[in-house]
Amino acid sequence: MARFPRSPAPRLLYTLFSSSRTTPTKSSPQSPSAALLQGNFHLQSRQFSAGGNLARAKDDKEPWWKESMERLRNIGISAHIDSGKTTLTERILFYTGRIHEIHEVRGRDGVGAKMDSMDLEREKGITIQSAATSCAWKDYQINIIDTPGHVDFTVEVERALRVLDGAILVLCSVGGVQSQSITVDRQMRRYEVPRLAFINKLDRMGADPWKVLDQARSKLRHHCAAVQVPMGLEDQFQGLVDLVQLTAYYFHGSNGEKIVTGEVPADMETFVAEKRRELIELVSEVDDKLGDMFLSDEPISSGDLEEAIRRATVARKFIPVFMGSAFKNKGVQPLLDGVLSYLPCPTEVSNYALDQKNNEEKVILSGNPDGPLVALAFKLEEGRFGQLTYLRIYEGVIRKGDFIINVNTGKKIKVPRLVRMHSNEMEDIQEAHAGQIVAVFGVDCASGDTFTDGSVKYTMTSMHVPEPVMSLAVQPVSKDSGGQFSKALNRFQKEDPTFRVGLDAESGQTIISGMGELHLDIYVERIRREYKVDATVGKPRVNFREAVTKRAEFDYLHKKQSGGQGQYGRVIGYIEPLPLGSPAKFEFENLLVGQAIPSNFIPAIEKGFKEAANSGSLIGHPVEYLRVVLTDGASHAVDSSELAFKMAAIYAFRQCYAAAKPVILEPVMLVELKVPTEFQGSVAGDINKRKGMIVGNDQEGDDSVITAHVPLNNMFGYSTALRSMTQGKGEFTMEYKEHAPVSQDVQLQLVKTHNAGRGAE
């Protein structure tokens, strides 16, 4: 389930680690195990398609892909807005040799961080689009995706998490666990992502990592412990002590690239011993092997502890906590080591697919390159060379020039170009195997489509795309820019599944819908900047619907004679409601007996009713949950035509609509509030005032968690109201639940407003 504003706008970034592939080398034939003994860790750069490799792999115990898969990480970085995610990525790229100088997010040099490639991102200092890159660290290949965390961009986050094997949760040592940290953590739980925590900004005034650690345990329910302790804080922050290896790290050089190791400072020995014991105790609670050693008082070596932390982290029972300051270049390299040591490789994570041939039965994917190709398109981008599709390969190998099949549409597509991304730059590759994240050009598909080689019909569980909850009317200021305007809207719709575009039949205005005000504002701004089109924006509005509540008969004759061929069509039947929540929102049934109406006119009648149902007579919104039954009619040998019957259907619907006692349906939201207990009464009173229905009230520590169903129309400006009621301590998440009938007084008010608006026009 997706979340609407989980709380104040945040922003996230994701780092994906994945193996890189280069063109094959012409090395002399040797088995993978022999290559390993010689320290050749770049097996993945071999051409796996060679038959000889496969034949030799059967003689060896190890499969040919095992070593390259173990040297592969797909991970993300996420956090509350301004916790330093993009800054951390910039340092990771610098230390792994991917970039040769560091630029800050709001840098005075005017360059901006590598991952924020749009002008708008650099100007505002926030990340809006995902950007992907790859790098290598200690013989492991890494892909990095930097993703936004402003709450209105959560679909970017959802997409990135869908394809990750692990993640880093960045927490600010001053701000601690903030509202969006909770949102992100909830998303990671949903997709079962093992994670590390990184407490950033230890150089800032008021930094307190132990307070943050306690908050992670209480607010996020994390079973976690520090694997490092800082030497000094704020402006005294010098380096870190590793609790697993019992080594002190100092970061020298202009960019902290020189790491000097030393003994644990004498004045910290007692504190370090106490924190190490706490770490061992917490890990032994969730790892049986370490627990047995701990209980029998056996000495626990660094190797034993590291293996136990890895087992517990991969099993999602424990979260190791790292520390540092990305801006001051301290603690980033040990964090990278932690990613390699504790986060899983693709074969250690189980991914499911749904077998379409077998009634969507769950199938566990082996995750190895020997199997049939299964890849998921998790992000689309409109680039200079056409549509760019980001793929996560779950099984098999994809090669340039291969034919692949889009399971969702059944289309067969050739892969014209395969690239690895580095922010907005790209490098061509010949092939990629399971576990990697790559991009392909010229493949027409939607976000969430699955590709296979045709031997299986699997779809990955479709990513959760939330329903849009807010609409705005937009129109270009000048009539000449209509072409560019529609081009921009088409592109944004393909890229972002939560952004929808429609047309208001009455006013002729273009309506855009999305996840919130910031979401829609950013798109209006992008239309202005990228397509040079100024647009005027109307007031936000709620997406109402109409529905009938009882059966009503219709009998309408459409007859027109004005010289030449006339129009003649008669339709008889009834309309009735479908049950609310039924999968089909419109049904047409033909119960005609005989040839009263020739069968070639029936589709025109259905089309007429569908068109009429697009705009109900109460407030002009679409009519849903409607069943139209045609029982009889009449036609004329000469004057009957498709147009005549279509018009007859439209007028017949309008004739009987009022008799069917129509009601207005409004979107009802499932709202979850988390407020300190002392404000519970005033918040509950305010929900009742907004015609909300409280369905649950739980206690969680010092907070009350209230669940309520509230009409969206009464939720405008709620975040401001909640902040003022709770002194800024309350937070809420909101997601679409259903469309439900409004009360009689609200219906009369809405109809009156609608009629007044029409009268004014």
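## A buried aromatic pair

Phe499 and Tyr523 are both buried, a word used here for under 20% relative accessible area, with exposed for over 50% and partly exposed for what lies in between (1.4 Å probe, protein chains only). Please keep in mind that this is a predicted model, in which local features need pLDDT of at least 70 and side-chain atom pairs count only at pLDDT 80 or more, while totals for chains, interfaces and linings use all residues. Residues are numbered from 1 along each chain as its sequence is written, and side-chain values use heavy atoms, leaving out hydrogens and water.

The structure contains twelve aromatic pairs. One of them joins Phe499 and Tyr523 in a tilted arrangement, 4.4 Å from centre to centre and with 35° between the planes. This pair ties together distant parts of the chain, 24 residues apart: Phe499 lies in the loop between helix H13 (482-495) and strand E27 (500-503), and Tyr523 belongs to helix H14 (residues 517-530). Rings of Phe, Tyr and Trp (its six-membered ring) pair if their centres lie within 6.5 Å; planes under 30 degrees apart are stacked, over 60 edge-to-face, and the rest tilted. Helices (H or I, at least four residues) and strands (E, at least two) are DSSP runs numbered from the N terminus. Phe499 and Tyr523 also take part in a cluster, where ring pairs link them with Phe492 and Tyr531.

## Charges over rings

Lys362 places its charged end over the ring of Tyr352, 4.7 Å from the ring centre. Arg392 has its charged end over the ring of Tyr394, 4.7 Å from the centre. To sit over a ring, NZ of Lys or CZ of Arg must be within 6 Å of the ring centre and within 35 degrees of the ring normal.

Helix H11 (residues 302-314) packs against helix H12 (residues 332-342) at an angle of about 75°, with the axes 9 Å apart. H11 is therefore roughly perpendicular to H12 (65 to 115 degrees; under 35 is roughly parallel, over 145 roughly antiparallel, and the rest oblique). Glu306, Ile309, Arg310, Thr313 and Val314 of H11 make the contact with Leu340, Ser341 and Tyr342 of H12, where contact means heavy atoms within 4.5 Å.

How much of H12 is buried? Nine of its eleven residues are, so H12 is largely enclosed by the rest of the structure. Among the buried residues are Val332, Pro334, Leu336 and Tyr342.

Gly324 lies in the loop between strand E12 (319-323) and H12, and is buried with a relative accessible area of 0%. Its C-alpha atom is 7.9 Å from that of Gly239, 85 residues apart along the chain. Beyond the neighbours within four places in sequence, Gly324 is in contact with residues including Phe198, Asn200, Leu202 and Phe237.

Asn329 is found in the loop between E12 and H12. Asn329 is buried, at 8% relative accessible area, and has a positive phi of about 60° although it is not a glycine.

## Two other loop residues

Glu234 also has a positive phi, near 55°, in a residue other than glycine. Glu234 sits in the loop between strand E8 (228-231) and strand E9 (239-242) and counts as partly exposed at 26% relative accessibility.

Is Asn614 buried or exposed? With a relative accessible area of 51%, Asn614 is exposed. Asn614 is placed in the loop between helix H15 (602-613) and strand E34 (626-634). Leaving aside neighbours within four places in sequence, Asn614 is in contact with Gly620, His621 and Pro622.

Definitions and conventions:
Axes fitted to C-alpha atoms, helices over the stretch in contact; angles between N-to-C directions.
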